[in-house]
Amino acid sequence: MTSEITFTKGHGTENDFVLVADADGTWNPGGDIVAWLCDRRAGIGADGLVRAVRTAAEPAAAQWAGEAEWFMDYRNADGSVAEMCGNGVRVFAEFLLQQGLLPEAALAGDWFAVATRAGVKRLRREGEGSWTADMGPWRLTGGQRALVDGSDALVHVEGLDGVARPALSVDLGNPHTVVALPDDGELSAADLTSAPRVEPAPPHGTNVELVVPVDAIDVNGDGDPDIGDVSMRVHERGSGETRSCGTGACAAVLATRAWAGEGAPGVWRVRVPGGRLVVTVGAGSSLTEGTVWLSGPARLVATGTVTIPA
Ligand SMILES: N[C@@H](CCC[C@H](N)C(=O)O)C(=O)O
């Protein structure tokens with residue numbers, strides 16, 4: 001039997017999603033259906049599927065029912081499940097607004113809670129199509145040892161000189177491995193048509209970010225940089241190279257800040273192929289753990305219906 005689903009297509013800095021409202025949790029697609037929907041030739045095409053379901057109706061989220069009304073069920077383009085999506089959660093908030101499901105107070109600029117597999121995240125509307133997400137806790141996976149050594153992994157990136165690069169692993173609820181490159185030439189030369197090989201292989205796979213520091217900005221002219229600035233490309237676990245990754249932007253900043261050491265800025269601009277994001281490191285964060293905020297656009301571009309094959 002086939003079924004018809006209403007969807008919205010949206011993106012955050014061109015990290016794009018198919019969004020489906022499934023308030024009562026009656027539609028729980030298998031990985032093959034997700035992969036088909038996300039297929040850019042045979043399906044609608046997206047980096048991932050976002051399903052909006054009431055926490056009370058979703059067994060995976062029932063533990064957060066008292067804290068958040070809605071659960072973001074995030075799936076990668078290959079149909080695999082992911083814990084969190086930083087661009088996706090902003091687009092999710094914009095989608096709830098479009099569907100008339102956003103709590104009234106959130107429209108007025110109050111924080112509101114969304115449950116994810118990485119726990120409850122809070123979001124605030126900054127203006128039309130613009131959101132900040134409190135991404136919650138992060139940590140360098142390798143802890144103090146990785147900070148002292150400057151790396152806890154090696155990454156082989158195709159298209160460069162064949163030498164494995166030192167990298168830092170960052171846990172944002174989902175896994176990231178960040179590699180610093182010296183300049184834009186290397187950033188462009190990197191071939192991300194296949195996943196960079198990471199050693200040791202992370203147990204649940206990883207998203208890989210390539211990051212190039214851009215000159216930090218000294219806003220008040222006191223000689224100390226106030227705003228950090230990086231360029232980034234990403235190969236996402238389960239989706240391949242994408243034009244942006246929100247959790248990846250946070251990871252890129254947190255690794256760069258760890259390499260820079262004490263005194264590094266707390267606010268960063270992240271340039272990705274699909275646009276720009278702002279990452280703010282939470283007050284009280286150390287170089288190895290803390291909290292982080294992500295700000296950026298969320299755009300909804302189309303709605304439609306699709307017949308799901310049996
Ligand atoms: N694009 C997302 C991250 C999506 C999940 C990721 N591919 C994973 O498997 O962890 C973002 O904006 O954070």
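# Questions on one structure

Student: In which loop is the place of Cys-245?
Tutor: Helices are DSSP runs of H or I with at least four residues and strands are runs of E with at least two, numbered from the N terminus. The model is a predicted one, in which local features need pLDDT of at least 70 and side-chain atom pairs count only at pLDDT 80 or more, while totals for chains, interfaces and linings use all residues. Residues are numbered from 1 along each chain as its sequence is written, and side-chain values use heavy atoms, with hydrogens and water left out. In these terms, the place of Cys-245 is in the loop between β14 and α6.

Student: Is Cys-245 buried or exposed?
Tutor: A residue is called buried under 20% relative accessible area, exposed over 50% and partly exposed in between, with a 1.4 Å probe and protein chains only. Because the relative accessible area of Cys-245 is 4%, this residue is buried.

Student: At which residues does UniProt place the feature "active site"?
Tutor: UniProt positions are given in the numbering used here with shortened feature names, and annotations may be inferred rather than shown by experiment. The record in this case is an unreviewed entry, and there the feature is at Cys-85 and Cys-245.

Student: Which residues does Cys-85 touch, not counting residues up to four places away in sequence?
Tutor: Cys-85 lies in the loop between β4 (70–76) and α2, and with a relative accessible area of 5% this residue is buried. Contact means heavy atoms within 4.5 Å. By that rule, and with the sequence neighbours left out, Cys-85 touches Asn-15, Phe-17, Met-72, Tyr-74 and Thr-247.

Student: Which residues come nearest to the ligand?
Tutor: A residue is near a molecule if one of its heavy atoms lies within 4 Å of that molecule. There are 15 residues around the ligand, and those that come nearest are Asn-15, Gly-86, Arg-237, Gly-246 and Thr-247.

Student: How many Å lie between a polar side-chain atom of Glu-236 and a nitrogen atom of the ligand?
Tutor: A polar contact is a pair of N or O atoms within 3.5 Å; within protein, one must be able to donate a hydrogen and the other to accept it, and residues adjacent in sequence count only if both atoms are side-chain atoms. An N or O atom in the side chain of Asn-15 is 2.7 Å from a nitrogen atom of the ligand, while one in the side chain of Asn-207 is 2.9 Å from an oxygen atom of the ligand. For the polar side-chain atom of Glu-236 and a ligand nitrogen, the value is 2.8 Å.

Student: With the side chain of which residue does the side chain of Thr-242 make a polar contact?
Tutor: Thr-242 has its place in strand β14 (residues 240–242), and at a relative accessible area of 4% this residue is buried. A polar atom of its side chain lies 3.0 Å from the backbone oxygen of Ser-244. The polar contact between side chains, at 2.8 Å, is with Glu-236.

Student: How many of the 15 residues of α6 are buried?
Tutor: Gly-246 has its place in helix α6 (residues 246–260), and α6 reaches 21 Å from its first C-alpha to its last, close to the 21 Å expected at 1.5 Å a residue. That expected span is 1.5 Å times one less than the number of residues. The helix is largely enclosed by the rest of the structure, because the number of its 15 residues that are buried is 13.

Student: What is the phi of Thr-13, which is not a glycine?
Tutor: Most residues other than glycine have a negative phi. Thr-13 lies in the loop between β1 (3–12) and β2 (15–21), and its phi is positive, about 50 degrees.
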